[in-house]
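The structure is shown first, and the discussion follows.

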Amino acid sequence: MKRLNSIIFFALFAITAFAQQTLQYTNGDANFVQGKELYVQRQYSASYRCFEQYLSTANAVDAGQRQEAEFYLAANAFELKRDNAEQLLADYSAAHPYSPFDNQTNFMLGSLAFDSRSYRTALAYFRQVSQNVLDKRQNLDFRFRMGYCQIETADWQQAASTFSKLKNEDTRYKISATYYYAYAQYSLKKYGESLSDFLKVENTDLYRQIAPYYIIQIYYFQKKYDLVNSYAERLLKDNPKNPNNFEIYRILGEIAYEKEDYSKAIQQLKQYETLAPQQMRNDFYLLGMSSYKTKNYPDAIKYLSKTTTQKDEITENAYLHLGNSYIKIGDKTNASMAYEAALRTHFNPQVRQEALFNYALANYETNATFGTSVKAFNDFINEFPNSPKVEQAKNYMAEDFFTTKNYEEAYNTLQTIKNPNRRLVEARQYLLYQLGVQQFLNNNQTKAIANFTQAIDISSITSYAAESFYWRAESYARTGQNDLSLSDLKAFFANQNATKSTNYAAANYSIAYLFFHRKNYSEALNWFVKYVQVEKNKKANTYPDALNRAGDCSFNARNFTAAENYYSQAAAASPNTGDYAQFQLAYIEGLKNNYSQKISKLNQLLKTYPKSEYADDALYEIGRSYIMLDDDNHAIETYTRLVAEKPNSNLAPKASLEKGMIYYNQKQLDNAIATFKTVISNYSGSQEAYMALQSLEGIYIEKNDVAAYLAYTKTLNMKIGNNSLQYADSITYLAAEKQYINAAYSQAISGFITYLKTYCTGGRYCTLSQYYLADSYYRSGDKTNALVAFRSLLKTGSNQYVKEATTRCAEISYDQKDFAAALNYFAQLNAMAESQDETNTARLGILRCNYFLDDHQKSIDIASEIIADTKSTIDIQLEARYNRAKSYIALNKANNAVVDLQITASSSQNEQAAEAKYLLAQVFFDGGKSDDAETLVKDFAKTGTAYQYWLARSFVLLADIYSKRGDSFQAKQYLLSLQNNYKAQDDISEMITTRLQKIAESENKNIIN
């Protein structure tokens, strides 16, 4: 125990005269002589004035006498306690290093340091003093002060030696020397020697307030509890307000604990806690353990949590009982962290064994993160193979593999287990299946397929095999391996567990589409109908789509009655997206020669769905229907409308060409000429342009105005006439096209480059060749040259490949991280989009580019547009909400982000959802809603995620929450647990270290270790 703060400091006495040591001078001086006489008489003030006056008039030739005078001036200042004493003494010592007054100077400098409690400095001066030179009084002061400095610098052995002599001398220091000798021996744990001297001074005025407390402690160390109790009773009665009484309560509490009187221990130790300015860590431990023994688990937690500041056996045992206490109050999360903390030490094997099993069990029961329970059970089995709980641990571990979300860590752990039982083999298949799904969601289909294959190789008849067949089929489909996808779906349906799968309906839909793309419409129809029958969610996007495809299959079989039935059901199932079904129903009316009905239904489609992607198709079919009804004027009117409203449609050149043909058939040759010229001008390079040119040739011949025709052709950038040239043009193009069709892209690229150099501009196939050249580069993986080629295609003007070229330019620029250029292309695509898919692609591109360009307001604007559009897919809407939320946060409008984060966090299982959960908790914390933030993080931990980084960030946030509340213990436990279990190399490690350092700085302020 350290010496108590109430040690009494003694006033020290002045130094006696130094007249015996003075030098002799032949030339006397009145002030000098008088000053020395006054110094001997202790008239220090008068003596100081004499020496001051002497030094102001003394001649330089009297150097020896002047040196002596300087000493006496400084000595007088010391005796008078003048502020300049230390400076005068130090200056004198520096100026005269070999002065005969060295001993006196060092004694005085040491005494001044002693008075200012600079004990190490005082010791340095005292060690330069030869005490035999000092007079009796100086010698006594010197020895006492030396001993006291040794006490203050914890040199107990030397202090005991110094005070051992002083306490046996009959001086004014006898009592104090006896006390300090006892204290030094006490500090050396020589309690027998210490006790006898404490007993000598316990009733003195100086030490009656403190000596008995040391006596009680010594009796306690000697286990003389009766004497402790009698002393304690007397002291508490006689000195109830003595500030040192906390020591009595501490000792009485420790005795009660040792006697297993835990209630009394609590009573005494709480008194100690109330009175002590600082509490000893050991006593908090006893108080916590006493609370645990009396089943007061909240108090056990309160006090035991204060004892974990050192790495020792106390901390290890405290953490074990903290964990047990948390279990008793139903807080298994904190119990887990406490057990884990106990495992960071290795003092008591029994404590470790209990803590490790309990830690694993607590994590198992709470579905803990980072695969901790699996690893803990495995560690327990390996570390304590002879424990009776090993089999129990194995059973728990096997079940835990089916609940963990940290699939990779769990799988790696499972791979280390030798001779796994049947349940562990099932767990391995389950984990491989989950790893495959995780890779699938991350769009890493190659790894997904590998994981699913490993799972299937274990067994092909289990439920996890069925799921693996389904998801591998989806992965194959996404990578264009449709034959393998079909094979896996057949294997899925052959599995006895297929009908129990949550993916059963989706599998019917997927296999139906595979047959549909193969144009095996009868088989596709069977599967689409099965899907419609088994799909329970009639609001799923796939439900009306399946009905439409069933209609398409019936349509291709010329079963129009069945087709109409399916299309009608599709339109009813999803009125917002019923435009395709409506279009097909109208088209069937045309096939049945009911052109008026067809026109009526198509007009209804345009009215109901004015922004439909089938609007141009509807207008074109209305025009064709009017032609079939011999209503040319309405046909012209409709085609004119199509070109005006949908100028970028691939049907616009056809509508213009047909409009010209109607004028020609009506013999309105001037209108026909004007219309054909418009086709050539607006759609140069297209097949329609060449057909229009041929039609113009016939009209001008019919008008007998060939000269006008030839004059017109000279204004065009089109090669006409000269059959040999046209033949060469055609075969050159066809040769390159054949290589393109055969996927020989290198040869195709060479051929199209030759054609473009030779025949363009003006060649018939210039636009096609430029497109095929660009697409060949793209398909062969040369994205840089593809971008150049697609850009060239865009410069040729209006053509049927404008949208695709714009899409490719946007895609490649984005992949090359040229977000400004990509943004421009996506904006163009958005302006010309005619289908919902094109609109979705364009908007998503605009959203992502603005995000990467840190244009947060524009990100918010486009995200809001996406979210407001009911035709946006769920995935795109979720990404829009995610980006809008992050943009709001970046603009310091975090409150606006809350709803988006909530929806994103709850609507998917991808990484954006995991990040959204963390961000939502951070927003609540930053907004002063710590309780809400804590609830979110704990729910996140309970549900788990495969994206461990965001869970780790959430745990760091949880530590911040507890730190803000002043609960540094809880904060520390979360950080230490995270440090132990999160192994990724990223910025989490630095976050943990920084916070632990701050906690460590404040942790020991109020606790004595």
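A crossing is called left-handed if the near helix is turned anticlockwise from the far one by less than a right angle, and right-handed if clockwise. The model discussed here is predicted.

**Confidence**

The chain has an average pLDDT of 88, and 94% of the residues score at least 70. The pLDDT is below 50 over residues 1-28, a stretch that has 86 contacts in the model beyond near neighbours in sequence.

**Helix pairs**

| Helix pair | Axis separation | Crossing angle |
|---|---|---|
| α32 (residues 595-608) and α33 (residues 615-628) | within 9 Å | roughly 155° |
| α18 (residues 332-342) and α52 (residues 968-981) | within 9 Å | roughly 65° |
| α5 (residues 102-115) and α7 (residues 136-152) | 11 Å | about 45° |

For α32 and α33, the axes come within 9 Å and cross at roughly 155°. Angles over 145 degrees count as roughly antiparallel, and α32 is therefore roughly antiparallel to α33. The crossing of these two helices, α32 and α33, is left-handed. On the side of α32 the contact is made by Y595, K598, I599, L602, N603, L605 and L606, and on the side of α33 by A615, A618, L619, E621, I622, S625, Y626 and M628. Sorted by class, the contact of α32 with α33 comprises eleven nonpolar, two polar and two charged residues.

For α18 and α52, the axes likewise come within 9 Å, but the two helices cross at roughly 65°. The helices α18 and α52 are therefore roughly perpendicular to each other. Their crossing, that of α18 and α52, is left-handed. Helix α18 contributes T333, N334, M337, E340 and A341 to the contact, while α52 contributes Q970, Q973, Y974, S977, N980 and N981. By class, the residues in the contact of α18 with α52 are three nonpolar, seven polar and one charged.

The remaining pair, α5 and α7, packs at an angle of about 45° with axes 11 Å apart. That angle makes α5 oblique to α7. The crossing of α5 and α7 is left-handed. Here F107, S111 and F114 in α5 meet Q138, D141, F142, R145, Y148 and C149 in α7. The contact of α5 with α7 has five nonpolar, two polar and two charged residues.

**Loop residues with positive phi**

Most residues other than glycine have a negative phi.

K519, which is not a glycine, has a positive phi of about 65°. This residue, K519, is found in the loop between α27 (504-517) and α28 (521-534). With a relative accessible area of 61%, K519 is exposed. Between K519 and A586 there are 67 residues of separation in sequence, and their C-alpha atoms are 23 Å apart in space.

D854 also has a positive phi, near 60°, and is a residue other than glycine. The loop that holds D854 runs between α45 (836-852) and α46 (856-868). D854 is exposed, with a relative accessible area of 54%.

**The region of T309 and E313**

T309 lies in the loop between α16 (297-304) and α17. Is T309 buried or exposed? A relative accessible area under 20% counts as buried, and T309, at 15%, is therefore buried. T309 and Q902 are 593 residues apart in sequence, with a C-alpha to C-alpha distance of 39 Å.

E313 belongs to helix α17 (residues 313-328). At 43% relative accessibility, E313 is classed as partly exposed. Which residues does E313 touch, not counting residues up to four places away in sequence? With those excluded, E313 touches F347 and N348. The C-alpha atoms of E313 and S872, which are 559 residues apart along the chain, are separated by 61 Å.

Notes:
Residues are numbered from 1 along each chain as its sequence is written. This is a predicted model: local features need pLDDT of at least 70, side-chain atom pairs count only at pLDDT 80 or more; totals for chains, interfaces and linings use all residues. Side-chain values use heavy atoms; hydrogens and water are left out. Axes are lines fitted to C-alpha atoms, for helices over the stretch in contact, and angles run from 0 to 180 degrees between N-to-C directions. Helices (H or I, at least four residues) and strands (E, at least two) are DSSP runs, numbered from the N terminus. Angles under 35 degrees count as roughly parallel, over 145 as roughly antiparallel, 65 to 115 as roughly perpendicular and the rest as oblique. Contact means heavy atoms within 4.5 Å. Ala, Val, Leu, Ile, Met, Phe, Trp, Tyr, Cys and Pro count as nonpolar, Asp, Glu, Lys and Arg as charged, and the others, Gly among them, as polar. Buried means under 20% relative accessible area, exposed over 50%, partly exposed in between (1.4 Å probe, protein chains only). pLDDT is the predictor's confidence in each residue, from 0 to 100.
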